[in-house]
2 protein chains.
Amino acid sequence: MKKAINAPERVVVDMLSGMAKAHSRLIKLLPGTQVIVRNDAPVSGKVAVISGGGSGHEPAHAGFVGKGMLDAALAGSVFAAPPLEDALAALKYCGNENGVLFVVKNYTGDRLLFDMASEEAQRMDIPVRSVVVADDVAIEDVARRRGVAGTVLVHKVAGAMADLGRSLDEVYEVAHKATLLLRTMGIALGPCTLPGSQSPSFVLDKEEIEIGIGIHGEAGIQRERILPARKLVERVLEKILPDLPFTSGDEVAVLVNGMGGTPLMELYVVFNDLEDILSSQGIKIYKAYIGEYMTSLDMSGFSITLLKLDEQLKTLLDHPCQTPAWTQM
Amino acid sequence: MKKAINAPERVVVDMLSGMAKAHSRLIKLLPGTQVIVRNDAPVSGKVAVISGGGSGHEPAHAGFVGKGMLDAALAGSVFAAPPLEDALAALKYCGNENGVLFVVKNYTGDRLLFDMASEEAQRMDIPVRSVVVADDVAIEDVARRRGVAGTVLVHKVAGAMADLGRSLDEVYEVAHKATLLLRTMGIALGPCTLPGSQSPSFVLDKEEIEIGIGIHGEAGIQRERILPARKLVERVLEKILPDLPFTSGDEVAVLVNGMGGTPLMELYVVFNDLEDILSSQGIKIYKAYIGEYMTSLDMSGFSITLLKLDEQLKTLLDHPCQTPAWTQM
């Protein structure tokens with residue numbers, strides 16, 4: 001597959017170097033690592049919020065490093081958990097007596113990594129807590145649910161809480177609450193292809209789509225014929241809405257997330273139907289985020305995330321932040 | 001081709017409705033039109049900056065409507081100039097005694113539209129000037145050069161100047177200066193497909209790319225085999241740099257623009273090589289913008305824009321703006 005890269009084995013290093021140089025007023029690359037930290041890090045007097053995972057999900061996670069969101073983001077190889085050394089480097093650089101919150105997507109590799117890093121943090125006398133995001137309702141078994149695009153909303157509220165100078169327990173509690181109120185599901189119109197691979201992660205014919213895809217090129221839980229946008233949105237909502245459940249009178253933040261290869265035009269069409277359906281059910285959209293937040297390389301498709309809001313979460317979403325991929329005035 | 005839309009003939013209406021609803025704190029749809037205006041429009045006491053063109057280039061142009069950038073954006077059908085009635089509606093709504101600047105991409109249909117609208121403005125006693133953007137160096141003949149991604153930087157500096165309360169002539173002069181200092185060229189790794197069409201705008205084999213593409217699915221000026229990102233960047237720069245020329249000691253803004261189907265990962269790899277080459281030639285990057293600004297539906301590829309800066313342009317790029325697709329604090 002054609003990609004604008006130099007070599008598969010260099011793609012993450014080149015990308016991180018490009019990100020750090022493009023946004024040098026906001027972020028920097030920690031030398032000798034694949035860790036992006038705030039330009040003004042280490043920031044004292046606050047809890048450090050650290051996240052990360054495999055690459056291929058850009059702008060996640062490094063694009064969300066900056067005041068009001070993450071203090072550091074770890075980047076593994078494409079679709080692979082970051083190395084422990086990088087987690088320790090981030091911990092040493094950003095950790096302080098206020099403590100560290102790890103925001104972890106629910107994958108075995110990522111959980112193992114952050115568990116080991118937590119043990120090291122305790123040895124280093126850095127208070128640490130972890131919150132695991134498992135927002136993907138495509139998987140019935142709650143324990144096996146993957147962490148997908150909704151993770152970015154957890155970054156936002158945890159980052160805002162930390163920016164307000166709140167304690168580690170308070171930052172953890174908000175992040176944990178958000179994970180409980182968060183649901184996501186995705187649809188692929190086309191697969192992704194890993195750098196260096198000659199074949200896509202799955203094959204769809206001209207009329208087929210995958211419902212309930214993950215962010216690592218996995219096929220979905222169901223294969224169907226392409227439907228109008230409104231029907232696609234209905235398919236997603238019929239899994240998301242009863243799961244929490246979201247009901248009339250709720251206020252929500254919604255994220256219509258592009259998977260990497262989907263034009264903004266289509267994401268807005270999807271949002272238009274989403275807004276219409278939610279409003280007809282008495283569910284009020286407090287904030288809408290439309291664009292690429294958590295991608296899967298060049299996959300074509302989108303995911304829809306709903307986060308049920310209370311007054312605290314609304315205030316935290318409104319809190320200012322300044323990162324390469326998310327600026328809130 | 002699979003798209004997340006309801007029907008080809010509804011795609012622009014659905015999209016604009018979705019944009020207006022998603023960003024209702026910033027923008028609104030002018031009833032009975034395909035014109036997006038600032039939520040707080042009409043804004044008195046300043047020049048109104050109006051742009052627009054065919055749809056399929058999202059976030060351009062409606063995504064750049066807001067304080068510090070555009071007052072109104074017209075959206076035609078996909079790849080087609082907007083209707084005159086919409087230009088007149090925007091003019092009537094936003095025009096005032098301070099005048100209107102039209103920012104026009106250099107296409108026959110768009111120029112004709114804004115010429116007719118200018119005549120109407122004069123009849124309505126609204127002072128009006130137009131600036132034509134023709135930044136695409138792929139075309140040798142300067143008069144035939146297309147307006148492409150660099151147009152967004154013209155929106156930014158003209159919008160900032162208008163936001164500062166400067167006169168129509170002053171806003172025009174800055175916008176015109178920017179067009180003279182602006183150069184862009186694009187490369188496609190894959191074609192786009194129009195909504196409702198069963199075939200792409202051109203066909204490339206597994207190893208082929210198009211160099212010097214436009215934003216309407218046109219094939220480029222040259223077809224080659226895929227190259228490493230660094231070579232792709234060199235191909236673009238060997239057309240852009242001598243054209244102005246950009247030389248050692250210059251300060252520039254760069255825009256690495258995704259064409260709609262290209263993941264951010266690849267845009268950062270491209271920027272990494274771009275920064276390396278420019279810095280080796282003594283050209284200093286003052287600001288870098290990486291992402292989707294002026295797309296061509298689901299085309300895979302990117303364009304590179306360089307804008308040579310002076311102190312005034314630097315100040316205007318730094319000026320705050322708040323739009324759906326560009327927030328500058």
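Which residues are buried in helix H2 (residues 84–94) of chain A?

## Helix H2 of chain A

In this predicted model, the buried residues of H2 in chain A are A:Asp86, A:Ala87, A:Leu88, A:Ala90, A:Leu91 and A:Cys94. An α-helix has 3.6 residues a turn, so residues three or four places apart point the same way.

Several elements of chain A cover the buried residues of H2(A), including strands S2 (35–38), S3 (48–55), S4 (72–78) and S5 (100–105). Helix H3 (108–123) of chain A is also part of this cover.

## The contact between the chains

Chain A and chain B each bring 61 residues to their contact. About 4800 Å² is buried between the two chains, and carbon and sulfur atoms give 60% of that area. On the side of chain A, 17% of the area buried against chain B comes from A:Lys2, A:Met265 and A:Met329, more than from any other three residues.

## Two helices across the chains

Two packed helices are described by the angle between their axes and the distance between the axes. Helix H7 (residues 264–280) of chain A packs against helix H1 (residues 11–22) of chain B at an angle of about 70°, and their axes are 7 Å apart. Because of this angle, H7(A) is roughly perpendicular to H1(B). The crossing of H7(A) and H1(B) is left-handed.

From H7(A), the contact is made by A:Met265, A:Tyr268, A:Val269, A:Phe271, A:Asn272, A:Glu275 and A:Asp276. H1(B) contributes B:Val11, B:Asp14, B:Met15, B:Ser17, B:Gly18, B:Met19, B:Lys21 and B:Ala22. Sorted by type, the residues of this contact are eight nonpolar, three polar and four charged.

Notes: Residues are numbered from 1 along each chain as its sequence is written. Chains are lettered from A and ligands numbered from 1 in the order in which they are written. This is a predicted model: local features need pLDDT of at least 70, side-chain atom pairs count only at pLDDT 80 or more; totals for chains, interfaces and linings use all residues. Side-chain values use heavy atoms; hydrogens and water are left out. Axes are lines fitted to C-alpha atoms, for helices over the stretch in contact, and angles run from 0 to 180 degrees between N-to-C directions. Helices (H or I, at least four residues) and strands (E, at least two) are DSSP runs, numbered from the N terminus. Angles under 35 degrees count as roughly parallel, over 145 as roughly antiparallel, 65 to 115 as roughly perpendicular and the rest as oblique. A crossing is left-handed if the near helix is turned anticlockwise from the far one by less than a right angle, and right-handed if clockwise. Contact means heavy atoms within 4.5 Å. Ala, Val, Leu, Ile, Met, Phe, Trp, Tyr, Cys and Pro count as nonpolar, Asp, Glu, Lys and Arg as charged, and the others, Gly among them, as polar. Buried means under 20% relative accessible area, exposed over 50%, partly exposed in between (1.4 Å probe, protein chains only). Buried area is the accessible area (1.4 Å probe) that two parts lose on being put together, summed over both.
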